[in-house]
Amino acid sequence: MGMPAAFHDIAKRVNNWGRWGAADEIGTLNLITDEVVRAAAAEIRTGRRIPLALPLKEDGVQAGMIPGRINPLHTMVQINQEIFGPGTVACSDDAVTMGLQCATHWDALTHVSHSGRIYNGRPAGTITPHGRAEFSGIDKAGPVVSRGVLLDVARAKGLDRLPGGHAVTPGDLAEAEEFAGVTVRAGDIVLVRTGQIQVYLAGDKHGYGFPSPGLSVHTPQWFHARDVAAVANDTLTFEIFPPEIDDLWLPVHALDLVEMGMHQGQNWNLEKLSTACAEARRYTFLLSAMPEPFVGAVGTPVSPVAVL
């Protein structure tokens with residue numbers, strides 16, 4: 001079954017293939033220019049730093065829905081070992097096995113494909129077992145630092161958390177933008193808070209993943225119109241799950257990553273940031289969200305920090 005006509009109609013409106021040239025591999029991250037970063041630095045007023053990542057631990061957010069996406073398995077490989085002989089400095093080392101998208105992460109533009117294509121019209125077959133992602137691997141993203149904007153959809157509606165069946169619409173984003181007293185501008189990284197991560201923090205990882213509020217299939221047009229550089233939120237699936245259109249799975253992923261070339265972030269803990277922004281009565285900040293440069297990877301853990 002192919003993608004429906006309604007999907008292809010939206011895809012045409014948000015498509016960025018060729019916008020930054022046929023060789024481009026980073027999509028809307030091109031919108032984070034030196035000028036954008038200089039302006040973002042001016043957002044720092046108090047120096048308060050708020051971490052947005054979940055702890056990396058064996059009992060993490062993954063509950064087995066996606067095969068192979070395992071929570072971190074942390075192993076000590078040497079403990080107080082005098083590797084240069086008796087009486088020398090003793091070393092301890094450890095190793096970890098994990099899904100690169102198991103906790104707080106960025107999706108690379110190659111995370112999904114549709115109709116046999118990835119971003120900029122390249123064949124999906126350029127992703128292989130041994131070569132990994134030949135194009136648009138997460139290592140190509142480079143430094144991700146820009147102005148962050150929190151669109152606190154839940155708080156704007158007077159809620160602690162959106163209900164599980166709520167599809168965040170462009171109208172919801174505009175409402176949150178007005179609530180924040182901010183205008184989203186080109187090169188911004190937008191963080192969309194639903195409050196859903198509260199379910200995981202309360203110990204219910206299954207309830208966290210399903211049912212989940214998330215972005216509607218119509219939101220890519222809103223982000224495209226504003227030239228947003230990247231978007232992240234506080235859910236497992238990013239978009240509403242189960243989907244708002246029957247049997248149309250992960251359409252927002254396909255529109256954002258494949259058509260628009262816009263990186264997505266999931267499992268970001270926005271609770272402390274929500275409180276801090278409400279207290280300060282401002283919803284913009286410098287955001288540092290550097291991808292780990294795994295060569296050819298289709299996603300990466302990230303430890304974002306908002307600096308107010």
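Biologist: In this predicted model, which residue of β15 is the bridge partner of Ile50?
Modeller: Strand β1 covers residues 49-51, and β1 pairs with β15 (residues 305-307) in the antiparallel sense over three bridges. Within β15, the bridge partner of Ile50 is Ala306.

Biologist: Which strands stand at the edges of the open sheet?
Modeller: Nine strands form the sheet, with mixed pairing, in the order β1-β15-β13-β7-β9-β11-β12-β4-β14. Two of them have a single partner strand each, so one side of each is left without a neighbour in the sheet. These edge strands are β1 (49-51) and β14 (299-301).

Biologist: At about what angle to β7 does helix α9 run?
Modeller: Two helices lie across β7 and β13. Helix α2 (residues 34-41) lies across both strands and runs at about 60 degrees to β7. Helix α9 (residues 271-280) lies across β1, β7, β9, β13 and β15, and its angle to β7 is about 85 degrees.

Biologist: Which side chain of opposite charge is nearest to Glu177?
Modeller: Glu177 sits in helix α4 (residues 170-180) and is buried. Its contacts beyond four places in sequence are Leu151, Val182, Thr183, Val184, Trp222 and Arg226. The nearest opposite charge is 4.2 Å away, and Glu177 has no salt bridge, the cut-off being 4 Å. That side chain belongs to Arg226.

Biologist: How many residues apart in sequence are the parts tied together by Phe179 and Tyr283?
Modeller: The two rings form an edge-to-face pair, 5.9 Å centre to centre with 65 degrees between the planes. Phe179 is partly exposed at 39% relative accessibility, whereas Tyr283 is buried at 6%. Phe179 lies in helix α4 and Tyr283 in the loop between α9 and β13, so the pair ties together parts whose separation in sequence is 104 residues.

Biologist: Why is the pair of Trp222 and Phe223 edge-to-face?
Modeller: Both residues are buried, Trp222 at 7% relative accessible area and Phe223 at 0%. Their ring centres are 5.6 Å apart. The pair is edge-to-face because the planes stand at 90 degrees.

Biologist: What is the N to O distance in the salt bridge of Lys157 and Glu175?
Modeller: Lys157 is in the loop between α3 (153-156) and β8 (167-168), and Glu175 is in helix α4, 18 residues apart. Lys157 is partly exposed at 31%, and Glu175 is partly exposed at 33%. The N to O distance between their side chains is 3.0 Å.

Biologist: Are Arg193 and Glu271 buried or exposed?
Modeller: The side chains of Arg193 and Glu271 meet in a salt bridge of 2.9 Å, N to O. This pair links strand β9 to helix α9 across 78 residues of sequence. Both residues also belong to a network of salt bridges with Asp152 and Arg155. As for accessibility, Arg193 and Glu271 are both buried.

Biologist: Which helix holds both Asp9 and Arg13?
Modeller: Asp9 and Arg13 form one of the 13 salt bridges in the structure, at 2.7 Å, N to O. Asp9 is partly exposed at 36% relative accessibility, and Arg13 is partly exposed at 49%. The two lie four residues apart, about one turn, in helix α1 (residues 5-14).

Terms used:
Residues numbered from 1 in each chain as written. Predicted model: local features only at pLDDT ≥ 70, side-chain atom pairs only at ≥ 80, totals over all residues. Heavy atoms only, no water. Pairing = 2+ DSSP bridges. Contact = heavy atoms within 4.5 Å. Axes fitted to C-alpha atoms, helices over the stretch in contact; angles between N-to-C directions. Buried < 20%, exposed > 50% of the residue type's maximum accessible area, 1.4 Å probe, protein only. Lys, Arg positive; Asp, Glu negative; His and termini not counted. Phe/Tyr/Trp six-rings, centres within 6.5 Å; stacked < 30°, edge-to-face > 60°.
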